[in-house]
Every structure is written in C-alpha cells, then in structure tokens.
Amino acid sequence: MEKYDVAIIGGGSSGLAALKQLSNLGKQAIILEAGSKIGSKNISGGILYSKKPKKGKVTNVEDLYENFLDDSPFERKITKYILHSTSKDKVYSMDLTASHEYQSNFGYSVLMNKLNSWFAKQSVDISQKFGGGIIPRVHVRSITWNNEGRTIIQTDEIDEFEVKAVIAADGVNSEVAEMVGARSKFTSMQLYQGVKVIVRIPEKIINERFGVNSDEGAAHLFAGDITLNHIGGGFLYTNRDTLSIGVVYHFNSLLKNPVEPHTLIDTLLKNSMVSEFIKDEIPIQKEIDKNLPQEEQLRIRFGVAKLIKSWNDTRRNYLSSTHDNTDELKSKLSFIQDQMVTKYGVTFGTDYVESEYSAKLIPDGKRCRMKKPFFKNILFVGDAAGRGIFVGPRIEGLNVGIDDAVRAANAVARAIDKNDFSQRYLGEYYSQLIDESPYTTDMNQIDKDYLKIFLDATKNVPKDSIGKRYGPILKLMSNDTLRGIAVKFVNILGYDKIFSMIESEDTYVKIPIQLAEKHGKIVSSSYSPNILSLAERIEKLNYTEDHVSHIIILKDSEFMKKMIVLCPAKCFTEEGGKTILQHEGCLECGTCSHETEWRHPRGEKGVHYQYG
Amino acid sequence: MTLLNIAVVVKLEPDFSEGSISYNPDGTLNRSQTKSTLGPHSKIAAQAAFYAKVKYGAKISIGTMSGHIANSALQMAMETCDAEVLHLYNDKIFAGADTIGTAEVLKKGIEKMDGKMDIVFSGHRATDGETGQTGPQIAWKLGFTFLGNVISYDINLEKRTVTAKRLLSLRGISDLIQEIEAPLPVFIAIDPSYKYYFSTASLRLTAEKYQREAHERANNYKDRLQTFDSEELGADKTLVGLVGSPTIVYDVQRVPQGKVIRHAEILDGSNPEHIRKTVTAMREALNAMVIK
Amino acid sequence: MTKEHYRHVYVVIEHIDGELLPVSFEMLGEARRLFDDFNRRYDLNEKVVAVILGHNIKNLSETLIEHGADAVVVADHQDLKDLINTIHTKVISQISLSKEIAEKIEPNYSQEFKKPRYMFFAADSIGRHLSSTVLADLDSGLASDVNKLVISDLDISHFVKTGGKRIMYKKTLEMYRVDFSGFLWTTILCLDNRNEKLSIREYSPQSCNVIPGAFKPLKPDSKRSGVVIDFQPKVSDDDLKIKVLSQKFVEDKVDFDSYNTVVSFGRGIHEAPEKNIKLIEEFAKQLGAQIGISLPISKSVFSASPTISSTYMIPARVIGTSGKEISPMLYVAIGISGAMQHVSGMEESGFIIAINPDENAPIKNVCDIFLKGRLEEVIPLLMEELKIQQQVVQA
C-alpha cells in the first residue's frame with residue numbers, strides 16, 4: 001500500500017493553502033480533488049480580503065503566496081462599497097466603503113477558477129520536491145483506522161493508501177465530517193444559500209459605468225423589495241471584464257417562504273438599477289429562412305456564428321486596457337460589423353450577456369463553526385469547519401479558510417516532526433491555534449469598532465424609516481460610551497441572543513423598502529433584459545454526467561417538497577405525490593443535503609465551472 | 001531500464017466547432033476559411049501514448065503529414081502526450097494522396113525516428129473523410145502487428161508483449177470485447193472510447209508531473225520540430241502522392257435530399273382516416289432504402 | 001484484346017463463431033445482382049466468390065451459395081479460429097493470389113489469372129481494418145463506407161492516371177460514398193496508371209468496404225448451386241504468437257443499431273404505467289422495433305412490476321444526451337414531451353411520429369406526424385390498422 005504523510009481532502013483555496021504551507025515547511029502532502037481540474041468546482045461571491053486585525057495575527061494570502069500581488073490572479077481591487085435599498089424603481093444608496101476597509105489591507109474581487117488555478121501553480125514545484133502534489137479527479141469515499149491505528153483512505157478511483165494525518169478542506173458539505181461523525185450536517189438555521197450569475201461586459205465599459213479605472217472596482221449590495229421578503233440580499237461585484245451578480249438568503253427564511261432561486265436572481269437582474277449595470281450592445285441574428293436548402297441554412301448558421309465570435313473577441317480586445325493598437329482594432333471591428341450587417345442582416349440591440357450560473361451554500365460561522373475542529377488525526381478548515389464571517393454587509397470566507405489552513409498545516413508539521421499524531425498533540429493543539437485566530441473572535445462577538453464605523457456610515461440615514469424597534473437602538477448606539485457598554489453586555493450575554501434582531505425581515509426587507517420609498521431616487525432602465533431561463537442556464541454549463549446519482553432521496557418529507565422549489569437547478573419534481581430526482585443538472589450546492597444522502601460526484605463527474 | 005520507443009501519427013483536421021468552420025455554397029468545406037486543429041481521434045491516440053509514458057516510461061515521437069501548416073496540431077499533440085520529438089512531413093508531391101500513398105510517407109517517417117519503435121499509435125479515423133485505412137496500412141508496410149479498436153492496453157516489459165482489449169461493433173449482434181496478446185512491436189489504432197486510467201496515487205502524481213512538463217515543452221515546441229521533404233525521407237516518388245495512389249475521386253454530387261425540415265402534420269388519433277394515414281406513412285418510411 | 005489478369009468478385013465473409021453476420025448476405029446479394037448484369041453485358045462467365053475463414057465452418061458454405069455465391073473458398077483451420085488481423089490478412093492474400101483456386105472457380109479464366117477483379121469487405125470493426133491490410137498487401141486501392149456500386153466503361157482523362165489523354169477504362173467499379181459533411185456523394189475509382197511518362201502500374205482488385213444495411217440480401221434459394229473449394233492456409237509460427245486470450249459479448253446493453261424502428265415512451269404512461277408499457281411492448285413487437293425511453297423513466301418514477309422496471313426503466317434504454325443517440329428509419333415517440341435532452345438523441349431519425357395528447361408539447365417541432373391523442377386509445381387503433389395493412393400486403 002502506498003504511504004503519504006498528509007492527505008488534504010479538497011483542492012479549494014483552503015486545501016491549496018494547506019499544501020503550500022506544508023510544502024514550505026518541507027512536508028509531504030497530497031491534495032485529493034474530485035473536480036476534473038483545480039478550480040472547476042469552486043464558487044465564491046466573491047471578494048478575497050487581506051486583513052490586519054488589531055489583536056492577534058492572521059496569515060494573509062500575500063503572506064503565503066509571495067507573488068500574489070505581482071501576478072495578480074484576482075480581478076479588481078474593490079474601492080467602492082455601496083449598499084442600495086430598493087423598492088420598485090426607487091433606490092436609496094449608502095456608502096459603506098469605510099466598513100469595507102475596516103482592518104483591511106485590501107479586498108479583491110476574484111473568480112475562483114482562475115484564482116485557485118493560480119494557487120495550485122504556486123505549490124506544484126515545491127510540493128513535488130517532497131513527494132507530494134495535487135491529484136485531481138479523485139473522490140474520497142472513506143477514511144478509516146485499521147487495527148494498528150493506521151489511517152487508510154479509500155477513494156472511488158484509485159487504490160487505497162495510508163496517511164499520517166488528514167486536513168479536511170472539502171467545503172460546506174464536508175463528506176469527511178459526515179463519514180467520520182465529526183459533526184452533524186449544518187441546519188437551515190446555520191446556512192445561507194447563494195446563487196450567482198456571471199455577466200460579460202468589456203473592461204472599459206465597466207470602468208466607465210462604475211467610475212473606476214482598470215485596477216479598481218466596485219461592490220454594490222442590495223436589500224429591500226428585491227429580496228422578495230427574505231433575509232439576505234443581492235450583490236454585484238465588478239471583475240475585470242465580467243460582473244459577479246448574486247443573491248444570498250438565509251436558508252431558514254427560504255424554507256419559510258420558498259421561492260425559486262433563479263426567480264430570486266431574476267428579480268435582482270430586473271431591478272432597473274441592476275439592469276442598467278449589466279446592459280451591453282449585442283448582435284441579433286436574423287432568423288434563417290427555413291425554406292432554404294439545408295446546407296445553405298447550415299452555411300449561414302456557421303457563417304454568422306463565426307463572425308459573431310470574432311466580433312465578440314475583437315470588441316472585447318478593443319475595449320480592454322491590455323492592447324496598444326487601438327486604431328487597427330477599431331477598423332477591424334467596424335469591418336466585421338459591416339460584414340455582419342450586409343452579409344447576414346445582423347442588427348444590434350441592448351441586452352445582457354450571461355455566461356455562468358452557479359450556486360453554493362455559505363456557512364454562517366457565528367452559528368455553526370465547529371468548536372473543536374478536529375476528529376482523531378483529521379483537522380477541519382474553512383467551510384468544512386463551518387467557519388465564515390457573516391455580519392450584515394461583512395461577508396468573509398476565503399481569507400478565513402486560508403488562515404485556518406495555515407494553522408492546520410503548522411499543527412500537522414509539528415506532529416510530523418515529533419511523529420505524534422495523537423489527539424492531544426495534534427488535534428487539541430490545532431484547536432488551540434484556531435481559538436487564537438482573530439477570525440474566531442469575529443465569529444464569537446460583536447466588534448464595537450466595526451459597529452461604530454457601520455453606524456457612522458448610516459448616520460445620515462433619515463430615522464423616520466428605521467421603525468419603532470430599531471430607531472431608539474440606533475440612537476443609543478451612536479453614543480460611544482453607551483455603545484461600548486451595550487456591546488460588552490451583549491458579548492457577555494451571548495452574541496447569539498441578538499442574531500434574530502440583526503437578521504430580521506425588518507433589517508433586510510421592511511426598513512430598506514421604506515427608505516427607498518420615502519427617500520430613494522428613481523432609477524429607470526432603457527430596456528428590459530431578456531433573462532435566460534433556467535433551462536438555458538443549465539444548458540450553458542459544462543457537465544460530465546454520471547449515470548449513478550450522487551444524491552439519494554431518503555424520505556418524502558415536507559423538506560423534500562420544498563426542495564422542488566429551492567433546488568437552484570430544479571433537480572426535483574413531483575410525480576404522483578412522490579418527490580423524484582434528476583441529478584443530471586445538479587450544481588452541487590448541497591441545498592437538499594439535509595434530508596438526502598448527499599455526496600460529491602465521483603472524480604471528474606458533475607459540473608465544471610469556468611468562472612466560479 | 002530501457003525506455004519504450006513510441007510513435008504517434010496524428011492528423012491535422014478542420015475544426016468543426018461552430019464559429020470556426022466555413023462551408024461553400026455547394027456544401028463543400030471551405031478549407032481556406034476554416035481553422036485547423038488536432039483531430040479528435042489523433043488526440044486520443046496521443047493520450048494512449050501518454051499512458052505508456054506514465055506507466056512504463058517512454059520516449060514519444062509524433063509524426064504528421066500535412067500540406068498545411070500543422071504546427072498548432074503538433075503543438076497540441078505534444079501537450080497531450082509530452083512528446084520529445086516532432087516530425088512534419090511536408091512536400092508538394094505528397095499532396096492528393098489516397099490512404100496508401102499517405103501510409104507510405106508515414107511509414108518512411110516512422111523509420112526516420114530515432115531508434116526502433118515498440119509501439120505506434122494512430123487515431124481510429126479522421127473526422128474529415130479518412131475512414132481509418134491509413135493506420136492499418138502503415139502497420140502493414142512496417143510489418144507491425146495491427147491492433148484496431150483498442151479500448152485499453154497494458155505492456156509486459158519483460159516478455160515484451162502487449163495485451164489489449166478491442167471493442168468490435170458489428171451490426172446484427174451485440175458488441176464484442178476481444179482480449180488479445182501480441183509481441184512488440186505493434187501498431188495500435190485506438191478506439192474513440194479509450195480513456196486512460198491511473199489506479200494509484202503515485203501514477204496520478206507522475207501523470208500530473210508529465211502534464212506540466214508537456215505544457216512547458218509545448219510552449220517551446222519549435223525547438224523540437226523537424227521538417228522532412230520527400231528527398232529527406234528517402235521516399236520512392238512512385239509510391240507517394242497522386243502517383244502512388246490507386247484511387248481517385250471521380251465525381252462529386254449532392255446527396256439526394258430527403259426532407260429539408262420537418263413540418264409536423266397534426267393528425268387526430270381518434271379519426272380512423274388519420275390512423276390509416278399514419279400507418280401508411282410508417283410503412284413507407286420503412287420501405288425507403290437508405291440511399292438507392 | 002489484352003489478356004485479362006483479373007477475374008471475379010471476391011466477397012470476404014464475416015461471421016462470429018460460425019454465426020454469419022447480415023452484412024455478409026448483403027454483400028453477396030449486391031455482388032450477385034452486379035454480376036448477373038456484368039456477365040450478360042460483357043458476355044462473360046465470371047463468378048461471385050465467397051471467401052470464408054475460421055474453424056469448423058464448412059457447414060456454412062451451403063448457406064452462402066443459397067445467398068448468391070457461385071463459389072465458396074473455405075479456409076477451415078484451427079489457427080483461423082480467432083479474428084487476428086495479421087493471420088487473416090495473409091490467408092486472404094494467399095487465396096486472392098492462388099491460381100489453383102482460380103482454376104477451381106472457373107478453369108477458362110485461370111491461365112492468365114493474377115488477382116481478383118473486385119473485392120468486397122464489410123465496413124465494420126473487422127472488415128475496415130482487414131480490407132486495409134489486405135489491400136496494402138495486394139498493393140491496390142480501397143474505397144471505404146461505400147453504399148452504392150456500379151460497373152461501367154468510363155472514358156477517363158486524368159492528369160496523373162492518363163497524362164491528360166482520354167483513355168477508356170473498361171469494367172470499372174464506381175464506388176459511391178457519402179462524404180463526412182453528409183451533403184456530398186463522391187465516386188471513388190481505382191484506376192491503373194496508364195501515363196507513360198510516369199510508371200505504368202495496374203491496380204487490382206478494385207476494392208471497397210460496404211456499409212452494413214446499405215444493400216439488400218437475396219432471398220435464400222436452395223436451388224442455387226456452387227462449388228466449395230477447400231484451402232489449406234499457411235500460418236507462420238511468428239504470427240501464432242499473436243493470441244486471442246478471451247472474447248465475450250458485452251452484456252446488459254440495449255442494441256438499437258440493428259433495428260430499423262425504435263418505439264420510445266416517456267411520462268405519458270403515468271396513468272397506468274404497467275399496463276401501458278405492456279401495450280407498448282405489444283406494439284413494438286408488431287413493428288419489430290426496439291424500445292427506448294426518455295430520461296425521467298429511468299429514475300424509477302413509476303412503480304411497475306420488477307420485470308417491467310428492470311427491463312425497461314433502465315439507463316441503457318435512455319435516448320438523449322445522457323443516453324444513446326440513434327437514427328432509425330422510423331421513430332415513434334409515445335407520451336414524450338420532447339425536452340431538448342431527448343430530442344438531440346433522436347432528431348436524426350428518418351421519419352418521426354409523436355403520439356401525445358398535448359398539442360403544445362415541443363416534440364411537435366421535431367416530428368413528421370403528430371398524432372394527437374391518449375396513447376391508451378391511439379395505440380390499439382394503430383395496431384389494428386397495421387394488422388389490416390400487413391394482411392393486404394401478404395394477400
């Protein structure tokens with residue numbers, strides 16, 4: 001049987017960070033990643049932060065990867081952070097850039113496929129030196145301990161092998177946690193469901209529209225009527241030449257009031273402000289005359305497709321900052337455009353171009369983080385350990401996972417040096433490192449300084465819209481001394497006691513609607529986007545189908561009935577009172593996992609995200 | 001340990017993806033307007049060679065005959081199997097060859113490769129017309145055992161034999177899987193369903209390593225590219241090109257068109273007349289011969 | 001008149017362990033039709049020669065003669081039991097070049113005999129490769145995937161073959177094949193080089209492999225007669241090192257390719273799954289059709305007896321992107337709405353009939369006849385009508 005020192009389960013940004021750190025420390029580690037290649041299964045909102053906490057230390061992305069800032073595998077540095085309250089065509093906007101910058105070195109918008117591929121590259125040579133590396137297309141089926149206490153890993157794809165320690169970085173739907181019984185599945189109370197689309201827009205149009213230069217970007221958050229009465233909201237982040245647009249809602253609130261995820265995202269896209277943000281010029285093909293001979297129809301179809309493809313490429317190039325032959329491109333573009341119009345009767349109109357639809361569950365760390373994130377010689381990091389920061393507009397996950405992974409790698413390296421993988425020496429030590437993490441503190445209690453910055457940002461908000469319940473509190477909190485006392489009191493009493501107050505229909509829906517109605521500006525849109533249907537979205541995605549379903553329905557329950565609505569890919573339908581599953585379009589988000597037997601698809605199978 | 005010597009013969013083909021391909025008004029392929037790429041079957045052949053490289057250790061050489069600039073195809077093939085040697089056989093007189101005229105050139109090319117080959121791989125067929133004769137004809141000219149439709153194989157380095165599974169699809173009976181053993185050297189035409197499989201963590205790590213190496217190499221593929229004309233190959237001019245080809249394309253005509261598009265006739269399932277019409281249509285559909 | 005070195009058509013027969021494949025009869029049928037005409041037209045007496053290799057296969061000769069062969073060359077030997085390309089190629093070459101065999105086929109033509117005039121193989125996993133290697137060995141040309149054959153005298157002017165002069169090529173086999181685009185039909189000829197400026201060469205046999213299903217077999221006729229010629233092959237020890245270790249049929253696969261008709265069903269069966277599937281089973285039997293399903297059916301959506309579920313509600317029967325892509329001559333879609341997923345698996349079918357109560361079902365856009373109605377009512381009517389029309393034909 002083959003032997004390796006460390007197995008890291010999952011090649012997302014946490015797993016990759018663990019590999020990098022272990023390799024830096026000269027240890028042998030292998031990553032087992034189920035996706036066809038690194039980055040193809042990873043989804044994030046997403047912004048990657050680098051933080052400078054006032055107390056304690058974290059390892060930031062640029063600390064772990066020395067070339068991060070030079071190679072810039074990210075999209076844009078977010079320099080504007082704005083919250084919009086919406087009601088129909090009215091929008092009330094608040095600038096939260098100060099709270100975004102709180103204790104931050106930076107926050108970059110990122111696309112996970114690109115980012116994680118870059119991370120992987122940074123570990124390749126160094127991990128190989130110590131006999132380790134990354135193994136994609138492998139799905140771990142079981143981790144067991146034999147009679148001699150040796151840890152055996154079995155997969156669906158390769159022969160079993162032995163390891164000394166395991167780092168579980170297999171995400172929010174961690175199978176490792178479940179198979180060894182390290183924690184129970186997260187509940188609807190502890191989770192948010194996120195759905196995202198990628199919209200393509202040329203770089204220079206983004207710059208102009210969002211008032212940024214090519215290195216800078218904007219983040220826009222949305223609350224109010226776009227939530228369709230759910231707790232949570234929408235977001236729009238600028239990437240280099242795409243936008244990440246999504247909605248994130250508390251799972252419990254979705255269960256209470258089930259609305260199809262794609263309807264929720266469509267609602268955001270149809271908001272006139274968002275419609276204006278996403279619009280672009282697009283070519284419209286003339287319908288091909290069906291009476292023409294078949295080969296003529298085919299010739300036209302291929303001819304048009306070819307021209308449109310090169311029009312898109314040329315235009316994207318022309319409207320990007322990375323070229324220097326503008327005139328040449330401009331004349332090329334107008335030549336192609338002319339051909340399209342004269343040869344094939346193509347016209348041009350306003351619409352949006354959607355490239356990728358994705359979904360993910362987000363663990364709310366303040367509710368679900370593992371208090372002791374280990375089991376025997378397995379250490380849990382990032383989403384797998386339920387660790388994410390989720391406080392109002394402050395949403396952080398990637399940076400937490402990276403820092404966790406470094407802590408886990410340090411703990412494992414120390415165990416290897418001493419050849420002691422006991423719970424006491426490895427697990428407890430890691431748990432202690434995690435307790436020391438400033439991120440853990442952020443998940444545990446309210447930070448009064450953050451609260452102040454947030455309140456400062458909102459101080460000009462007319463108080464008449466805040467409502468009876470929150471008006472007095474806000475007033476109270478804007479006094480420094482009283483705020484200090486109140487925060488202390490809450491943190492003693494237990495942070496969790498006030499969750500229901502922070503996260504309520506009032507804060508996400510009612511107050512924003514009132515604000516927008518009373519004080520919002522009218523934003524009108526010049527067109528209505530032809531929003532893709534769910535079927536079209538699924539068709540655009542790339543799948544390797546597996547005839548064997550990775551999900552099995554366990555029972556016909558109320559919860560499963562709600563999945564018919566809440567599955568972002570509509571995998572469930574009802575047939576004669578029975579819930580049935582077609583797993584073929586599954587986005588692997590785990591929304592249905594609570595009452596199903598849920599596994600990640602076998603190696604290489606399932607969805608492959610291009611952006612993530 | 002001596003490495004296996006492996007050759008892969010590949011073919012440059014039109015890129016049939018939408019947005020890349022162009023047709024002339026008469027339905028023929030517009031070659032000058034259509035991009036070229038490594039043929040999908042050739043790519044699978046390169047993958048099969050890669051398997052041997054990872055599992056047994058091998059030196060891989062790639063050869064192609066092309067009048068077009070085949071560089072990008074060779075580059076892709078190199079990236080697929082981490083080849084060390086690239087051969088391009090290019091001469092005006094090679095043009096217009098049928099399969100046997102092509103096979104002669106590729107045979108000469110393989111003989112020019114460094115060392116005696118243990119295995120030569122080719123694709124099952126090409127997507128642009130060639131139907132899979134070239135592979136077996138090269139094999140025959142080389143005197144190598146030909147194994148076609150191979151879906152998996154392994155090598156016994158000590159006995160110097162290969163065992164291969166072949167998938168035989170024969171109309172009228174179920175598919176057959178034949179397991180065959182042959183001494184090296186062999187010529188393998190790989191089945192389109194072939195997919196390599198590495199069953200241990202260490203093989204997977206090796207595969208990852210070679211894939212990265214291949215990526216680097218492919219970026220600088222020109223360093224390893226060698227071009228040969230008929231002279232340099234020492235080809236007999238009566239055996240290559242049009243002169244060496246027994247067959248010619250005599251005539252090209254349109255396939256008699258069936259229905260251009262379907263316009264569904266809506267019939268009522270409770271109307272006996274409509275039922276009669278449907279059954280008649282069914283029987284007519286079954287009586288129409290393919291093309292006669 | 002020049003001497004004729006090339007005579008007859010040799011048809012290489014395919015069988016698996018003594019079971020003859022349909023394409024063998026199809027090739028014999030076409031060879032027979034071509035040669036009856038050929039002999040009449042040119043006033044000759046050339047033969048349709050079936051060539052069969054294997055072990056314990058002598059009993060097949062009779063069947064081959066009944067299907068149109070004038071002569072059967074049988075190479076029956078232990079070493080030919082398995083399908084090994086190298087060995088079979090060499091034996092077929094030996095047979096093709098043998099004057100003794102030619103003598104037994106037709107003594108009048110054996111004196112000058114060098115090689116066969118024409119050779120037919122099957123365009124399948126065996127014949128494609130075998131034809132390639134045999135022709136490489138016999139040093140002549142080959143056309144692949146042929147679906148139409150004509151023999152004629154052609155006046156050819158070709159810059160290489162004839163040096164631009166017009167030369168009459170007699171008894172030339174025109175071999176038609178559909179090119180990869182599917183729109184063009186090309187005629188391939190295998191022609192001698194008669195250009196004096198280049199080397200003069202003769203290319204025979206003119207050969208092709210033909211697509212299974214393209215030609216019709218003859219009705220077997222026990223009154224036909226023919227000669228059976230035994231051939232003792234010579235196989236070298238080196239070639240015997242190539243060994244077939246095992247050979248087995250791929251089980252649990254649903255064969256769609258061998259059927260001209262496919263009947264598929266979808267969720268429309270929901271009212272009485274068990275009963276409806278049995279009805280469809282009957283209908284398919286009457287049509288001689290294979291049965292397919294749409295994707296949802298494979299998900300155990302409907303409860304039915306274990307026999308029915310394990311026979312029909314299985315992924316192997318799914319037609320569509322996550323199943324099989326097929327193109328039978330006739331496709332009948334019963335209670336299938338016509339999701340893209342399904343359509344892409346059957347839209348290439350020759351003729352498509354949809355049976356569906358919902359006139360708005362998208363399947364309407366991809367069928368030739370949309371028969372509106374509930375399957376429970378429509379199918380019995382179709383079966384009744386089918387019976388009537390079949391009886392008329394027989395009468």
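Residues are numbered from 1 along each chain as its sequence is written, and chains are lettered from A in the order in which they are written. Because the model is predicted, local features need pLDDT of at least 70, side-chain atom pairs count only at pLDDT 80 or more, and totals for chains, interfaces and linings use all residues.

**Chain B**

Chain B holds 7 helices and 13 strands; these are DSSP runs (helices H or I, at least four residues; strands E, at least two), numbered from the N terminus. Its C-alpha atoms fill a box of roughly 80 × 45 × 35 Å along the principal axes. Of the 292 residues in chain B, 57% are buried; buried means under 20% relative accessible area, exposed over 50%, and partly exposed in between, with a 1.4 Å probe and protein chains only. Among contacts in chain B with a separation of 6 or more, 72% join residues 24 or more positions apart, a contact being heavy atoms within 4.5 Å.

**A cavity and a pocket**

On a 1 Å grid over the protein atoms alone, a cavity is a set of points where a 1.4 Å probe fits but cannot get out, whereas a pocket is an open set with protein on both sides within 12 Å along at least five of seven lines; lining residues have an atom within 4 Å of a point. A volume is the space filled by probe spheres set on the points, which are joined across faces, edges and corners. The whole structure has 5 cavities of 30 Å³ or more.

| Space | Volume | Lining |
|---|---|---|
| Second largest cavity | about 310 Å³ | 26 residues |
| Second largest pocket | about 1,800 Å³ | 45 residues |

Residues nearest the centre of the second largest cavity include C:Leu83, C:Ile84 and C:His88. Elements giving two or more residues to this cavity's lining include strands S7 (145-156) and S8 (161-168) of chain B and helix H3 (85-97) of chain C.

For the second largest pocket, residues nearest the centre include A:Lys37, A:Arg137 and B:Glu208. The largest share of the pocket's lining, 9 residues, comes from H5(B).

**Chain A**

In helix H7 (residues 203-210) of chain A, the buried residues are A:Glu203, A:Ile205, A:Ile206, A:Asn207 and A:Phe210. Just after this helix, A:Gly211 has a positive phi of about 60 degrees.

A:Ser533 lies in the loop between strand S22 (521-522) and helix H22 (534-540) of chain A. With a relative accessible area of 33%, A:Ser533 is partly exposed.

Terms used:
Side-chain values use heavy atoms; hydrogens and water are left out.
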